[in-house]
Amino acid sequence: MNVGKYVAPEEMPPPPVDRVVDEGVLIAITAVRMHVKNEIIVRAIKNDADYNVAELAEVARDEFEEVAKQNDGYAAGPVSVRHIEVYSAMAAELRKAAQDPELIAATVEQAREDAWREISGVVASRLEKQTFDPSKDPRYEKERAARMRALIKVDLATLKEESRDSY
């Protein structure tokens, strides 16, 4: 198969550092939210712990600090000056995020909503599996007549006896 001759794309200048940092912070916020969501789920299911906003806010702050430390480590590694600039700026922004009460509150609330969606989806799925659907059981119609005879013979006879005994 001939797919043509490869032509390399034009070299593009790297995006501005502030744009890279902004996008990196957005990714980090998502990662922190997922961490808090997982913490909510583990606390609820494994530890049977109640939802506690203050504790979860501390979890979010700690995770922002942890990601900031990771970026400090990357900046101290064998990387280019541009990478050092990006990692250092990311670390600074993440430390600001850790101290931003509105961002922390929003992160915890979104994590709660995400956790609830995930847990409720699992519960609903399990309930659906347990719900009997006669249309999916080929034996249901075939065995219906026998079930009705048994109902009349046993259940109605028992009801009749019970009602006689109560008078």
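Keep in mind that the model is predicted. Let me start with helix H1.

H1 covers residues 17–45. Does its length agree with what a helix should give, or disagree? At 1.5 Å a residue, its 29 residues should span 42 Å, and the end C-alpha atoms are 42 Å apart, so the two agree.

Now the burial pattern. Which residues of H1 are buried? They are Val 17, Val 21, Gly 24, Val 25, Ala 28, Ile 29, Val 32, Val 36, Lys 37, Ile 40, Ile 41 and Arg 43. Look at the spacing while you have the model open. An α-helix has 3.6 residues a turn, so residues three or four places apart point the same way. Note that Lys 37 and Arg 43 are on the buried list too.

On to packing. Two packed helices are described by the angle between their axes and the distance between the axes. I will go pair by pair.

First pair: H1 and H2. H2 is residues 53–76. The axes of H1 and H2 come within 9 Å and cross at roughly 140°. Antiparallel would need an angle over 145 degrees. The pair is therefore oblique. H1 passes H2 in a right-handed crossing. Who makes the contact? From H1, it is Ala 28, Ile 29, Val 32, His 35, Val 36, Glu 39, Ile 40 and Arg 43. From H2, it is Glu 55, Leu 56, Val 59, Ala 60, Glu 63, Phe 64 and Val 67. By class, that gives 10 nonpolar, 1 polar and 4 charged residues. Several of the H1 names are also buried, among them Ala 28, Ile 29 and Val 32.

H3 runs over residues 81–98. The axes of H1 and H3 come within 9 Å, and the crossing angle is roughly 45°. Again the pair is oblique. Again H1 makes a right-handed crossing, this time with H3. On the H1 side we have Val 17, Val 20, Val 21, Gly 24, Val 25 and Ala 28. They meet Arg 82, Glu 85, Val 86, Ala 89, Met 90, Glu 93 and Leu 94 in H3.

What angle do they pack at? About 165°, with their axes 8 Å apart. That makes H2 roughly antiparallel to H3. The crossing is left-handed. H2 brings Arg 61, Phe 64, Glu 65, Val 67, Ala 68, Lys 69, Asn 71, Asp 72, Tyr 74 and Ala 75. H3 brings Ile 84, Tyr 87, Ser 88, Met 90, Ala 91, Leu 94, Arg 95, Ala 97 and Ala 98. The classes here are 12 nonpolar, 2 polar and 5 charged.

Asp 72 sits in H2. At 33% relative accessibility, it counts as partly exposed. Which residues does Asp 72 touch, beyond four places away in sequence? Ala 91 and Arg 95. Asp 72 and Ile 84 are 12 residues apart in sequence, with C-alpha atoms 8.7 Å apart in space.

Glu 85 is in H3. It is partly exposed, at 45% relative accessibility. Its C-alpha is 7.5 Å from that of Ala 75, 10 residues away in sequence.

Asp 114 is in H4, residues 101–130. Is it buried or exposed? Buried, because its relative accessibility is 16%, and the cut-off is under 20%. Asp 114 touches Arg 33 and Lys 37, leaving out residues up to four places away in sequence. Lys 37 is itself one of the buried residues of H1.

Asp 48 is in the loop between H1 and H2. Its phi is near 55°, a positive value in a residue other than glycine. Asp 48 is exposed, with a relative accessible area of 67%.

Last stop: Glu 161, in H5, residues 139–165. At 40% relative accessibility, Glu 161 counts as partly exposed. How far apart are the C-alpha atoms of Glu 161 and Gly 73? They are separated by 82 Å, across 88 residues of chain.

Key: Residues are numbered from 1 along each chain as its sequence is written. This is a predicted model: local features need pLDDT of at least 70, side-chain atom pairs count only at pLDDT 80 or more; totals for chains, interfaces and linings use all residues. Side-chain values use heavy atoms; hydrogens and water are left out. Axes are lines fitted to C-alpha atoms, for helices over the stretch in contact, and angles run from 0 to 180 degrees between N-to-C directions. Helices (H or I, at least four residues) and strands (E, at least two) are DSSP runs, numbered from the N terminus. Angles under 35 degrees count as roughly parallel, over 145 as roughly antiparallel, 65 to 115 as roughly perpendicular and the rest as oblique. A crossing is left-handed if the near helix is turned anticlockwise from the far one by less than a right angle, and right-handed if clockwise. Contact means heavy atoms within 4.5 Å. The expected span of a helix is 1.5 Å times one less than its number of residues. Buried means under 20% relative accessible area, exposed over 50%, partly exposed in between (1.4 Å probe, protein chains only). Ala, Val, Leu, Ile, Met, Phe, Trp, Tyr, Cys and Pro count as nonpolar, Asp, Glu, Lys and Arg as charged, and the others, Gly among them, as polar.
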